[in-house]
Amino acid sequence: MGSFGNLLLNENMKVFRRVRTWVMLAILVLISLLMPFLMKQGSGTSDVLYWQPAATTVQIVFFLNTIFCVVVAAESVAGEFTWGTIKLLLIRPWSRSKILASKYLTVVGFSILSTLLVIGMAMLSSYILFSHDVSVESGVLAGDAFTRWSYLYIDLFITLAIAFMVSSVFRSGALAIGLSLFIMFTQNIFSLIFNPDRYDWAKYVLFNNMDLSKYMDSPSGMSLMNGASEGMSLGFSLAVLAVYYVVFMVISWVVFNKRDVAG
């Protein structure tokens with residue numbers, strides 16, 4: 001039996017051997033470094049604590065980061081069918097579950113790497129260009145920034161799960177990317193249409209639980225929905241997202257293991 005570590009390494013090599021992967025990472029780094037500079041030029045001052053431009057930069061660039069991660073997730077399984085390499089994987093001494101697990105862990109690993117790059121570059125550029133005095137306000141802004149970034153990643157994590165499920169079930173990278181982008185663009189619109197304040201059942205809808213920034217003291221200005229609805233809390237939304245996540249993963253594994261993928 002082959003080692004799962006070797007299988008995981010093989011999947012990572014597939015991702016990072018592509019020029020496209022490095023181009024996407026380079027774009028994220030470049031924009032994350034450039035955004036604070038543009039903010040400084042626009043405001044004409046550097047007296048702002050660097051946590052503020054860093055947080056704004058990450059929130060803006062994260063949309064692009066999510067798109068790039070979705071592209072990787074969408075092609076993780078569907079790409080094997082497109083290139084005809086799925087049969088080569090199946091004749092190796094690994095179960096289908098291990099193959100799918102290695103692909104999923106590779107996707108999650110890429111999303112963590114790209115997210116850390118965006119945050120790291122945004123903080124570095126903002127630290128150089130703006131004020132970095134140590135104060136109580138600085139600590140508050142830092143806590144607010146890391147909380148917001150955590151919520152952004154949870155949103156990304158669920159979106160990746162959707163893209164990975166669609167890729168596994170329908171073997172279509174284009175459909176996985178299209179559906180994920182549709183969810184990203186229409187999330188706030190559906191939250192407005194199916195408002196939990198009007199429909200009690202709507203609080204269980206996926207779209208109404210993905211934007212966790214509404215549970216912060218100062219809701220995100222990037223969101224159309226400000227403040228949590230009655231009967232909803234951070235713990236409630238996390239629980240709902242966890243249920244959806246389990247459902248997405250179960251569907252992915254069951255379909256991939258039962259379907260005649262070699263056909």
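Residues are numbered from 1 along each chain as its sequence is written, and side-chain values use heavy atoms, with hydrogens and water left out. Because the model is predicted, local features need pLDDT of at least 70 and side-chain atom pairs count only at pLDDT 80 or more, whereas totals for chains, interfaces and linings use all residues.

Helix α1 spans residues 4-16 and helix α5 spans residues 96-129; helices are DSSP runs (H or I, at least four residues) numbered from the N terminus. Their axes come within 9 Å and cross at roughly 50°, axes being lines fitted to C-alpha atoms over the stretch in contact, with angles from 0 to 180 degrees between N-to-C directions. The angle therefore makes α1 oblique to α5, a class left for angles that are not under 35 degrees (roughly parallel), over 145 (roughly antiparallel) or 65 to 115 (roughly perpendicular). The crossing of α1 past α5 is right-handed, that is, the near helix is turned clockwise from the far one by less than a right angle. Residues in contact (heavy atoms within 4.5 Å) include Phe4, Leu7, Glu11 and Lys14 of α1 and Ile99, Lys103, Phe110 and Leu113 of α5. By class, the contact has 10 nonpolar residues (Ala, Val, Leu, Ile, Met, Phe, Trp, Tyr, Cys and Pro), together with 3 polar and 4 charged ones; Asp, Glu, Lys and Arg count as charged and the others, Gly among them, as polar.

The whole structure holds 6 salt bridges, each defined as a side-chain nitrogen of Lys or Arg within 4 Å of a carboxyl oxygen of Asp or Glu. One of them joins Glu11 and Lys14 at 3.3 Å, N to O. Both residues lie in α1, 3 residues apart, about one turn of the helix. Glu11 is buried at 4% relative accessibility, while Lys14 is partly exposed at 25%; buried means under 20% relative accessible area, exposed over 50%, and partly exposed in between (1.4 Å probe, protein chains only). Glu11, Lys14 and Lys103 are linked in a network of salt bridges.

A further salt bridge pairs Glu75 with Arg18 at 4.0 Å, N to O. Glu75 belongs to helix α3 (residues 51-83) and Arg18 to the loop between α1 and α2 (19-43), so the pair ties together parts 57 residues apart in sequence. Within helix α6 (residues 136-170), Asp144 and Arg148 are 4 residues apart and form a salt bridge whose closest N and O atoms are 3.5 Å apart.

Methods: Helix = DSSP H or I, 4+ residues; strand = E, 2+ residues; numbered from the N terminus.
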